[in-house]
Amino acid sequence: MLKIGLLGCGRIGQVHARSIGQIEGAMVTAVSDAFEEPARDLASRTNAKAMTSDDLIASADVDAVVIGTPTDTHFDLIHLAARAGKAIFCEKPVDMSADRIRDCIKVVEETGVPFMTGFNRRFDPNFANIHARIERGEIGNVEIVTILSRDPSPPPVSYIKTSGGIFRDMMIHDLDMACFLLGEEPISVYAVGSALVDPEIGKAGDVDTAAVTLTTGSGKICQISNSRRATYGYDQRIEVHGASGMLRAENMLESTVELATATGFRRAPAQHFFLERYEAAYLAEMKHFVGMIAAGGTLTPSIIDGLRAQVLADAAALSLETGVKIEINANSGS
Ligand SMILES: NC(=O)c1ccc[n+]([C@@H]2O[C@H](COP(=O)([O-])OP(=O)(O)OC[C@H]3O[C@@H](n4cnc5c(N)ncnc54)[C@H](O)[C@@H]3O)[C@@H](O)[C@H]2O)c1
């Protein structure tokens with residue numbers, strides 16, 4: 001039985017608690033939060049003990065930690081947990097700074113603790129199916145990947161101001177997905193962006209509409225389209241074009257019911273946001289974490305994947321700022 005300590009009892013911490021509750025061979029034994037109430041509440045729902053983060057990490061009743069705290073706390077918690085010899089699942093992004101992630105890699109390598117980065121979208125059943133079929137050669141050599149990723153509505157401007165910007169906060173998932181599907185490291189990044197949804201986002205120094213083009217050493221291309229607004233729900237689609245075919249995953253809709261009348265066909269909106277849309281992915285990623293630790297296997301996405309996506313997000317932000325294509329140094333992701 002893998003005994004898991006949950007750090008952070010907010011939105012994503014509660015999702016992980018629910019997932020762990022469904023996994024044989026794992027249980028939440030301890031929870032912590034910066035505030036008493038969310039910790040007490042989640043402790044009572046999971047039959048776990050509420051304690052401070054320090055006590056949780058030191059507890060003999062905790063084999064692994066799930067870090068679901070705000071991003072700026074990940075660095076310290078990773079260091080503490082690694083030095084305590086605990087396996088670590090850490091939410092994305094590992095940190096907002098690539099250099100600080102490199103520092104985390106050092107402590108993870110020195111201590112040898114298992115580490116997984118929470119890029120949940122790799123575990124979405126449809127996207128995982130696309131990846132598996134690419135690997136099986138069903139569309140031949142991948143040539144061009146298109147990722148469309150749009151939120152239903154923008155977050156408050158107060159959130160935008162501390163988010164690290166659209167590339168590090170939102171597109172980071174898509175940048176990881178690009179690496180996952182291209183099967184090769186991007187070597188160049190070109191970004192454009194505008195504040196079209198809310199001028200206040202522009203005043204806060206960010207954009208709400210962005211497009212990025214990545215190219216790999218062999219010339220494979222990925223185009224990512226992001227918006228902080230989609231009037232029809234959470235828009236999450238992927239298309240991979242290869243030498244001998246194409247694989248495509250459409251949106252998950254609120255229902256499969258379609259109305260047809262003389263005026264045309266009408267379908268339901270896309271599932272509202274990430275909690276619903278990626279419910280299966282959150283469970284599958286946690287199953288992978290628990291299963292691989294039990295089997296002594298390799299955890300993916302790794303902390304190196306966390307760094308690679310961050311390097312690409314930084315490059316996209318720099319490209320937008322400078323208006324030029326940014327070359328990525330070989331090995332910058334490791
Ligand atoms: N993979 C995904 O789809 C996904 C989705 C949402 C959030 N996230 C990531 O998860 C992390 C948390 O995001 P959220 O939306 O759940 O935030 P949240 O604010 O809802 O929850 C974070 C919780 O952590 C607590 N906390 C703060 N410092 C702490 C500490 N040192 N020890 C213990 N608890 C502490 C806060 O009080 C809060 O309850 C962020 O890194 C975010 O980027 C990932």
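**Buried rings and paired strands**

Tyrosine 234 has a relative accessibility of 2%, so this residue counts as buried (under 20%; exposed is over 50%, partly exposed lies in between, with a 1.4 Å probe and protein chains only). The model is predicted, so local features need pLDDT of at least 70 and side-chain atom pairs pLDDT 80 or more, while totals for chains, interfaces and linings use all residues. Residues are numbered from 1 along each chain as its sequence is written, and side-chain values use heavy atoms, without hydrogens or water.

Start with the aromatic rings. The structure holds 5 aromatic pairs (Phe, Tyr or six-membered Trp rings with centres within 6.5 Å; planes under 30 degrees apart are stacked, over 60 edge-to-face, the rest tilted). Take tyrosine 234 and tyrosine 278. Their ring centres lie 6.0 Å apart and their planes meet at 85°, so this pair is edge-to-face. Now look at where the two tyrosines sit. Tyrosine 234 is in the loop between β10 (221–227) and β11, and tyrosine 278 is in the loop between α11 (274–277) and α12 (279–295), so the pair ties together parts 44 residues apart in sequence. Is tyrosine 278 buried or exposed? Tyrosine 278 is buried, with 1% relative accessibility.

Next come two phenylalanines. The rings of phenylalanine 273 and phenylalanine 274 have centres 4.9 Å apart and planes at 70°, so they too are edge-to-face. Phenylalanine 273 is partly exposed, at 21% relative accessible area. Phenylalanine 274 is buried, at 16%. One aromatic cluster contains Phe127, Tyr234, Phe273, Phe274 and Tyr278.

Now turn to β11. Strand β11 (residues 235–242) runs antiparallel to strand β12 (residues 245–249), and 5 bridges join them. Strands pair when DSSP finds at least two bridges between them. What is the bridge partner of valine 240 in β12? The partner is leucine 247. Between β11 and β12 there are 2 residues, and the two strands form a hairpin.

Finally, find the open sheet. It is made of 6 strands, in the order β3-β2-β1-β4-β5-β6, with parallel pairing. Strands β3 (49–50) and β6 (115–118) are its edges, and each pairs on one side only. Look at β1 (residues 2–7) and β4 (residues 64–67). These strands run parallel, joined by 4 bridges. Isoleucine 4 stands opposite alanine 64 in β4.
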